[in-house]
Amino acid sequence: MSLIYPGQFETVIKLRDGTEALVRPLKPSEDKDKLFEMYSTLSKETNYYRFLNYQPVTRWIVEQWCDVNYDDKMTILAIVKENGRERIIADSRYYLDKTTGEAEIAIVVHDDYQGKGIGTKLLAYTIEVARKMGVKKLYAFLSPTNRRIIHVVKTLGFTVKWVFDIGEYRADLPLQ
Ligand SMILES: CC(C)(COP(=O)(O)OP(=O)(O)OC[C@H]1O[C@@H](n2cnc3c(N)ncnc32)[C@H](O)[C@@H]1OP(=O)(O)O)[C@@H](O)C(=O)NCCC(=O)NCCS
(Lines give C-alpha, C1' and ligand atoms only; values in the text may rest on other atoms or scores of the structure.)
Protein backbone atom coordinates (compact mmCIF):
# COMPACT_ATOMS: atom_id res chain seq x y z
CA MET A 1 0.00 0.00 0.00
CA SER A 2 1.56 3.27 -1.16
CA LEU A 3 1.17 6.39 0.96
CA ILE A 4 3.79 8.51 -0.75
CA TYR A 5 2.22 11.56 -2.41
CA PRO A 6 2.58 11.07 -6.18
CA GLY A 7 3.72 14.56 -7.15
CA GLN A 8 4.28 13.39 -10.72
CA PHE A 9 0.48 13.47 -11.16
CA GLU A 10 0.26 17.24 -10.67
CA THR A 11 -0.69 19.25 -13.75
CA VAL A 12 -2.65 22.29 -14.88
CA ILE A 13 -5.83 22.12 -16.96
CA LYS A 14 -7.45 25.03 -18.78
CA LEU A 15 -11.23 25.43 -18.60
CA ARG A 16 -13.19 26.50 -21.67
CA ASP A 17 -13.36 30.08 -20.36
CA GLY A 18 -9.56 30.24 -19.94
CA THR A 19 -9.52 29.69 -16.16
CA GLU A 20 -6.60 27.53 -15.08
CA ALA A 21 -7.19 24.71 -12.61
CA LEU A 22 -4.47 22.95 -10.69
CA VAL A 23 -5.06 19.22 -10.95
CA ARG A 24 -3.43 17.05 -8.32
CA PRO A 25 -3.94 14.01 -6.08
CA LEU A 26 -5.87 14.67 -2.88
CA LYS A 27 -3.80 15.54 0.20
CA PRO A 28 -5.72 14.37 3.29
CA SER A 29 -3.85 16.76 5.56
CA GLU A 30 -4.80 19.84 3.49
CA ASP A 31 -8.01 19.15 1.65
CA LYS A 32 -10.66 18.07 4.20
CA ASP A 33 -12.28 21.47 4.77
CA LYS A 34 -12.22 22.50 1.11
CA LEU A 35 -13.62 19.13 0.06
CA PHE A 36 -16.42 19.44 2.62
CA GLU A 37 -17.18 22.90 1.25
CA MET A 38 -17.46 21.49 -2.26
CA TYR A 39 -19.61 18.47 -1.45
CA SER A 40 -21.89 20.30 1.00
CA THR A 41 -22.75 23.00 -1.56
CA LEU A 42 -23.61 20.73 -4.51
CA SER A 43 -27.14 20.96 -5.86
CA LYS A 44 -29.43 18.03 -5.05
CA GLU A 45 -29.34 16.95 -8.70
CA THR A 46 -25.52 16.92 -8.86
CA ASN A 47 -25.32 15.03 -5.56
CA TYR A 48 -27.89 12.51 -6.84
CA TYR A 49 -26.09 11.98 -10.14
CA ARG A 50 -22.77 11.50 -8.38
CA PHE A 51 -24.01 8.93 -5.87
CA LEU A 52 -26.98 7.48 -7.82
CA ASN A 53 -29.03 8.28 -4.72
CA TYR A 54 -29.16 11.44 -2.65
CA GLN A 55 -26.22 11.27 -0.21
CA PRO A 56 -26.36 13.63 2.79
CA VAL A 57 -22.87 15.06 3.28
CA THR A 58 -21.36 15.32 6.75
CA ARG A 59 -17.84 16.19 7.84
CA TRP A 60 -17.38 12.61 9.01
CA ILE A 61 -18.30 11.22 5.58
CA VAL A 62 -15.98 13.66 3.81
CA GLU A 63 -13.18 12.54 6.13
CA GLN A 64 -13.78 8.97 4.94
CA TRP A 65 -13.54 10.21 1.35
CA CYS A 66 -10.16 11.74 2.21
CA ASP A 67 -8.85 8.30 3.11
CA VAL A 68 -6.73 7.79 -0.01
CA ASN A 69 -3.52 5.78 -0.38
CA TYR A 70 -2.60 6.57 -4.05
CA ASP A 71 -2.75 2.87 -4.73
CA ASP A 72 -6.14 1.18 -4.61
CA LYS A 73 -7.80 4.42 -3.43
CA MET A 74 -6.93 7.32 -5.73
CA THR A 75 -8.51 10.77 -5.91
CA ILE A 76 -7.58 13.58 -8.29
CA LEU A 77 -8.88 17.08 -7.55
CA ALA A 78 -9.26 20.21 -9.66
CA ILE A 79 -8.55 23.41 -7.76
CA VAL A 80 -8.97 27.04 -8.80
CA LYS A 81 -8.07 30.31 -7.13
CA GLU A 82 -11.00 32.57 -6.29
CA ASN A 83 -10.15 35.92 -4.72
CA GLY A 84 -6.75 34.56 -3.76
CA ARG A 85 -8.26 31.54 -2.03
CA GLU A 86 -8.04 27.92 -3.23
CA ARG A 87 -11.34 26.24 -4.02
CA ILE A 88 -11.85 22.57 -4.94
CA ILE A 89 -14.20 22.46 -7.94
CA ALA A 90 -14.05 18.81 -9.00
CA ASP A 91 -13.22 15.39 -7.60
CA SER A 92 -12.45 12.37 -9.72
CA ARG A 93 -11.65 9.09 -8.00
CA TYR A 94 -11.29 5.41 -8.50
CA TYR A 95 -11.30 2.42 -6.19
CA LEU A 96 -9.26 -0.51 -7.43
CA ASP A 97 -10.03 -4.15 -6.70
CA LYS A 98 -6.53 -5.57 -6.65
CA THR A 99 -7.75 -9.12 -7.15
CA THR A 100 -9.27 -8.25 -10.56
CA GLY A 101 -7.26 -5.17 -11.55
CA GLU A 102 -10.57 -3.39 -12.21
CA ALA A 103 -11.43 -0.03 -10.69
CA GLU A 104 -14.74 1.77 -10.25
CA ILE A 105 -14.43 5.42 -11.24
CA ALA A 106 -16.66 8.38 -10.41
CA ILE A 107 -16.46 12.13 -10.91
CA VAL A 108 -18.21 15.26 -9.78
CA VAL A 109 -17.81 18.86 -10.91
CA HIS A 110 -19.32 21.56 -8.71
CA ASP A 111 -22.43 23.15 -10.25
CA ASP A 112 -20.67 26.53 -10.46
CA TYR A 113 -18.13 25.04 -12.88
CA GLN A 114 -20.12 22.53 -14.93
CA GLY A 115 -20.23 22.84 -18.71
CA LYS A 116 -16.76 24.42 -18.94
CA GLY A 117 -14.92 21.30 -20.07
CA ILE A 118 -13.40 20.37 -16.73
CA GLY A 119 -15.33 17.08 -16.35
CA THR A 120 -14.09 15.76 -19.68
CA LYS A 121 -10.50 16.87 -19.08
CA LEU A 122 -10.31 15.70 -15.48
CA LEU A 123 -11.79 12.31 -16.33
CA ALA A 124 -9.38 11.93 -19.26
CA TYR A 125 -6.51 12.78 -16.94
CA THR A 126 -7.67 10.31 -14.27
CA ILE A 127 -7.83 7.62 -16.96
CA GLU A 128 -4.19 8.34 -17.80
CA VAL A 129 -3.24 8.17 -14.11
CA ALA A 130 -5.05 4.82 -13.78
CA ARG A 131 -3.29 3.50 -16.88
CA LYS A 132 0.11 4.52 -15.49
CA MET A 133 -0.78 2.92 -12.16
CA GLY A 134 -1.41 -0.39 -13.92
CA VAL A 135 -5.22 -0.47 -13.64
CA LYS A 136 -6.54 -2.99 -16.17
CA LYS A 137 -10.06 -1.71 -16.58
CA LEU A 138 -12.22 1.19 -15.41
CA TYR A 139 -15.97 1.01 -14.99
CA ALA A 140 -18.74 3.29 -13.76
CA PHE A 141 -22.47 3.10 -13.07
CA LEU A 142 -24.53 5.93 -14.50
CA SER A 143 -28.08 7.16 -14.07
CA PRO A 144 -30.11 6.70 -17.30
CA THR A 145 -31.22 10.33 -17.17
CA ASN A 146 -27.65 11.64 -16.84
CA ARG A 147 -27.16 12.45 -20.53
CA ARG A 148 -24.14 14.65 -19.84
CA ILE A 149 -21.93 11.98 -18.25
CA ILE A 150 -23.09 9.40 -20.80
CA HIS A 151 -21.91 11.79 -23.52
CA VAL A 152 -18.61 12.44 -21.70
CA VAL A 153 -17.71 8.78 -21.12
CA LYS A 154 -18.59 7.85 -24.72
CA THR A 155 -16.34 10.68 -25.91
CA LEU A 156 -13.52 9.19 -23.83
CA GLY A 157 -13.94 5.72 -25.32
CA PHE A 158 -16.05 3.90 -22.73
CA THR A 159 -18.56 1.32 -23.93
CA VAL A 160 -21.94 2.04 -22.34
CA LYS A 161 -24.46 -0.74 -21.73
CA TRP A 162 -27.86 -0.82 -20.04
CA VAL A 163 -27.99 -3.10 -16.98
CA PHE A 164 -31.60 -4.18 -16.75
CA ASP A 165 -31.39 -5.65 -13.20
CA ILE A 166 -30.29 -2.41 -11.56
CA GLY A 167 -31.86 0.11 -13.94
CA GLU A 168 -28.58 1.90 -14.58
CA TYR A 169 -26.03 2.16 -17.35
CA ARG A 170 -22.62 0.58 -16.91
CA ALA A 171 -19.65 2.13 -18.69
CA ASP A 172 -16.46 0.10 -19.28
CA LEU A 173 -13.02 1.11 -20.49
CA PRO A 174 -10.29 -1.55 -20.80
CA LEU A 175 -6.86 0.03 -20.29
CA GLN A 176 -4.59 -2.89 -21.15
C1 LIG B 1 -21.13 14.89 -15.61
C2 LIG B 1 -20.07 15.91 -15.25
C3 LIG B 1 -18.92 15.23 -14.52
C4 LIG B 1 -19.53 16.52 -16.57
O5 LIG B 1 -18.58 17.52 -16.24
P6 LIG B 1 -18.69 18.94 -16.96
O7 LIG B 1 -17.47 19.71 -16.65
O8 LIG B 1 -19.98 19.56 -16.60
O9 LIG B 1 -18.73 18.50 -18.49
P10 LIG B 1 -17.93 19.08 -19.75
O11 LIG B 1 -18.12 20.55 -19.80
O12 LIG B 1 -16.54 18.57 -19.75
O13 LIG B 1 -18.66 18.33 -20.95
C14 LIG B 1 -20.01 18.15 -20.98
C15 LIG B 1 -20.37 17.53 -22.33
O16 LIG B 1 -21.69 17.04 -22.23
C17 LIG B 1 -22.46 17.59 -23.29
N18 LIG B 1 -23.82 17.68 -22.80
C19 LIG B 1 -24.34 18.56 -21.91
N20 LIG B 1 -25.64 18.28 -21.71
C21 LIG B 1 -25.95 17.21 -22.48
C22 LIG B 1 -27.13 16.45 -22.71
N23 LIG B 1 -28.28 16.75 -22.09
N24 LIG B 1 -27.07 15.39 -23.57
C25 LIG B 1 -25.92 15.08 -24.20
N26 LIG B 1 -24.75 15.77 -24.01
C27 LIG B 1 -24.78 16.82 -23.17
C28 LIG B 1 -21.82 18.93 -23.60
O29 LIG B 1 -22.14 19.39 -24.88
C30 LIG B 1 -20.34 18.55 -23.47
O31 LIG B 1 -19.90 17.85 -24.58
P32 LIG B 1 -18.87 18.48 -25.67
O33 LIG B 1 -17.64 18.86 -24.90
O34 LIG B 1 -18.67 17.35 -26.64
O35 LIG B 1 -19.60 19.67 -26.24
C36 LIG B 1 -20.65 17.06 -14.37
O37 LIG B 1 -21.65 17.69 -15.07
C38 LIG B 1 -21.14 16.57 -13.03
O39 LIG B 1 -20.41 16.57 -12.05
N40 LIG B 1 -22.42 16.14 -12.96
C41 LIG B 1 -22.99 15.66 -11.70
C42 LIG B 1 -22.29 14.42 -11.14
C43 LIG B 1 -22.24 13.32 -12.16
O44 LIG B 1 -23.10 13.19 -13.01
N45 LIG B 1 -21.23 12.48 -12.04
C46 LIG B 1 -21.09 11.34 -12.91
C47 LIG B 1 -21.37 10.07 -12.17
S48 LIG B 1 -19.93 9.11 -12.12
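These questions and answers walk through one predicted model, with a helix, a loop residue and a ligand shell. Residues are numbered from 1 along each chain as its sequence is written. Because the model is predicted, local features need pLDDT of at least 70 and side-chain atom pairs pLDDT 80 or more, while totals for chains, interfaces and linings use all residues.

Trainee: How far does helix α4 reach from its first C-alpha to its last?
Mentor: Helices are DSSP runs of H or I, at least four residues, and strands are runs of E, at least two, numbered from the N terminus. α4 covers residues 118-132, which makes 15 residues. The expected span is 1.5 Å times one less than the number of residues. That expectation is 21 Å, and α4 comes close to it, reaching 21 Å.

Trainee: Is Asp 67 buried or exposed?
Mentor: Asp 67 sits in the loop between α3 (59-65) and β3 (73-82). Count the other C-beta atoms, placed from the backbone, within 10 Å of a residue's own: 20 or more means buried, 12 or fewer exposed, and in between partly exposed. Asp 67 has 10 such neighbours, so it counts as exposed.

Trainee: Which element supplies the largest share of the shell around the ligand?
Mentor: The shell has 23 residues, with Tyr 49, Gln 114, Gly 119, Thr 120 and Arg 147 the closest. Elements supplying at least two residues include α2 (44-51), α4 and β6 (137-142). The largest share, 6 residues, comes from α5.

Key. Near = placed C-beta within 6 Å.
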